[in-house]
Amino acid sequence: MQYINRLRQYGIFVVFIIICLILSLISPQFLTVSNWTIIITQASINALLAFGVTFVIITGGIDLSLGSMVAVTGVTAAMLAHPDTFPVALPIFAGLLAGLLMGVFNGFIITKSKIAPFIVTLGTMTIGRGLALILSKGRPISNLSDSFNFIGGGNIFGIPFPIIVLILVFIICSIILKKTLLGRYIYAIGGNEQASRASGINVNRVKMAVYSISGLLAGLAGILLTSRITTGQPNAGAGFELDAIAAAVIGGTSTSGGTGTMTGTLIGVLLIGVINNGLDLLNVTSYYQQVVMGTIIIGAVVLDSWNQKNN
Amino acid sequence: MKYIYSILILSVFLFTSCNQTKSNEKSEEKKIKVGVTMLSMQNEFIVNISDEMNKKAEELGVELITVDAEHQPLKQIEQVESFIAQKVDVIIMNPCEVEASSPAVTKALAAKIPIINVNSATSTKPTAFVGSNDVESGRIAMKFIADKLGGKGNIVMIHGFMGQAAQIQREQGAKEILKEFPNLKLIAHQTGEWDRAKSMDLMQNWIQSYGKDINAVFAQNDEMGLGALKALQDTGLKDKVIVVSIDAIADALQAVKKGTLDATVFQNAKQQGAGAIEVAVKIATGQSYEKEVMIPFMLVTKENIGRFLK
């Protein structure tokens, strides 16, 4: 019985391994170092967004403005990343700041107005898209400096820089969630907000913190994306929030709040990445790709609710 | 001091009265009013057409009311309805969709307001059409690949959003050429959703599965072509693979100049935008006009790039 429980607990990990096994049997290129380098690099942007939104979802909230924040921060960074103007630190700083500010704005409105996060972030999603278009005048911003383009395209000891960022952010987020007081408060609020408030937790401050983290990481994702495709695009990131939320949910984060882990989200991110990559390798039509992806998301949630019932 | 003030006041008065007589003169001519609804002002090429329209309108003294349909045919129909209610002289529509935007044409014609389609077509025939035939762009791009490869090789194609007019027509044009060259093989095709990052990912994955077998990439727009190009450059394969795309956006022209992108196909935003306004003025003033103004596409390569760079 204990074995079965454990299997359920790591259900998504088992699914992940099985899918990898199947893909490596059908496609000889799948299980190579170069292919995995590509999978993880491609997944890094979604990973940053998914880590951020995992905090938010555990508190029982949601952040739909992720994709728009990616666009705003990407465009902001690109505007300052023209060669021979500013040192590369400035566009990075400005991009992160833009993301942070939007996150703080989300948190501020959500805590002060008591409007559902779904509605508030739906609003900031639209505002953000507009801001990105205003800043860029509706056109992509190109001709960025080499040092800026290194962030998304460069290697350190043969490891692509986005993978290094992914690993660092994963470690930091895991520590915040598992080892800090903030992490414990995040779980507490998601489990029972009233009780947390009664026990003296400053609920508003914790919520501010999670939306700010989400914004900051969206800023980092925006910088990474812009530098990877060497252009800042106002349309970038459309729909990214859904991939990020899907990754968190596949990884076992419950949308009703209170449960979820960074490791789970990481597996969710990699699962999405592996499926995208595998279906491309097998040259499966994109129509079917969408059906497969949707099925897996629903499957993961069913598995999750099944787990909760049994616990 | 008082003198200076009175001179100042007097000059201001003179200046404003001058302006008034000027604007009076203009309103006597009665400005032509044109309602414009554009597919999406988030698309660089469409923004370019709109900018060219504004320039031409200013030059000819035409008043433009430009609105953004945000890719939604229903919204576009409502916008045309509101133009009809405002009694504009001419409507210019950059259709969202072949079928779904057609009711807008029917409504305008029923209200006896001339309507011009710019850039792409609707199934209902408007008063006039100014634009290009996207099938031709696909043909030009694929013909270039066929010539470069000597009619033999493996090709991958990156589609735009599946089902959109531009995607269907560009694919059709490319396939027409492929039929002529039986030794050109389309080994894979997939959508990149007009997006650079998506196409870069897609190309990376293709490089994994097909690697050195790929001889050429045809991307249905420049954004996707540039994404594929980046993936090829990163893996050091670019020298062996031909990359061709369509639209001739600024980034693509720079890439052609550098010799990284082999070719792009130039769609003339300037002639489309300015042409639409010219036809609108002709219709409004009762002059004769062409029912169909077809603006040809042009292949842009390193040899003729100078003509396209500003």
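Two residues are in contact here if their C-beta atoms, placed from the backbone, lie within 7 Å. Helices are DSSP runs of H or I with at least four residues, numbered from the N terminus.

Before you click, note that this is a predicted model, where local features need pLDDT of at least 70, side-chain atom pairs count only at pLDDT 80 or more, and totals for chains, interfaces and linings use all residues. Residues are numbered from 1 along each chain as its sequence is written, while chains are lettered from A and ligands numbered from 1 in the order in which they are written.

**Stop 1**

Select residues 117-136 of chain A, which form helix 6. Its 20 residues reach 28 Å from first C-alpha to last, close to the 28 Å expected at 1.5 Å a residue (1.5 Å times one less than the number of residues). Now colour its buried residues, among them A:Val120, A:Thr124, A:Gly128 and A:Leu131; buried takes 20 or more other C-beta atoms within 10 Å of a residue's own, with C-beta atoms placed from the backbone. An α-helix has 3.6 residues a turn, so residues three or four places apart point the same way.

**Stop 2: helix 3 and helix 8**

Next, select helix 3 (33-58) and helix 8 (161-179) of chain A, whose axes come within 9 Å and cross at roughly 30°. Axes are lines fitted to C-alpha atoms over the stretch in contact, and angles run from 0 to 180 degrees between N-to-C directions. The two helices are therefore roughly parallel (angles under 35 degrees). Residues to show include A:Ser44 and A:Phe51 on helix 3, and A:Val169 and A:Cys173 on helix 8. This contact has eleven nonpolar, two polar and no charged residues. Nonpolar covers Ala, Val, Leu, Ile, Met, Phe, Trp, Tyr, Cys and Pro; charged covers Asp, Glu, Lys and Arg; the others, Gly among them, are polar.

**Stop 3: helix 7 and helix 11**

Move to helix 7 (146-153) of chain A, which packs against helix 11 at about 105°, with axes 7 Å apart. That makes the pair roughly perpendicular (65 to 115 degrees). Among the residues that meet are A:Phe148 of helix 7 and A:Arg228 of helix 11.

**Stop 4: the partner chain**

Finally, bring in chain B: the contact takes 25 residues from chain A and 22 from chain B. Helix 3, helix 11 (203-228) and helix 13 (262-281) of chain A each supply at least two residues of chain A's side. Helix 3 gives the most, with four residues.

Key
A residue is buried if 20 or more other C-beta atoms lie within 10 Å of its own, exposed if 12 or fewer, and partly exposed in between; C-beta atoms are placed from the backbone. Angles under 35 degrees count as roughly parallel, over 145 as roughly antiparallel, 65 to 115 as roughly perpendicular and the rest as oblique.
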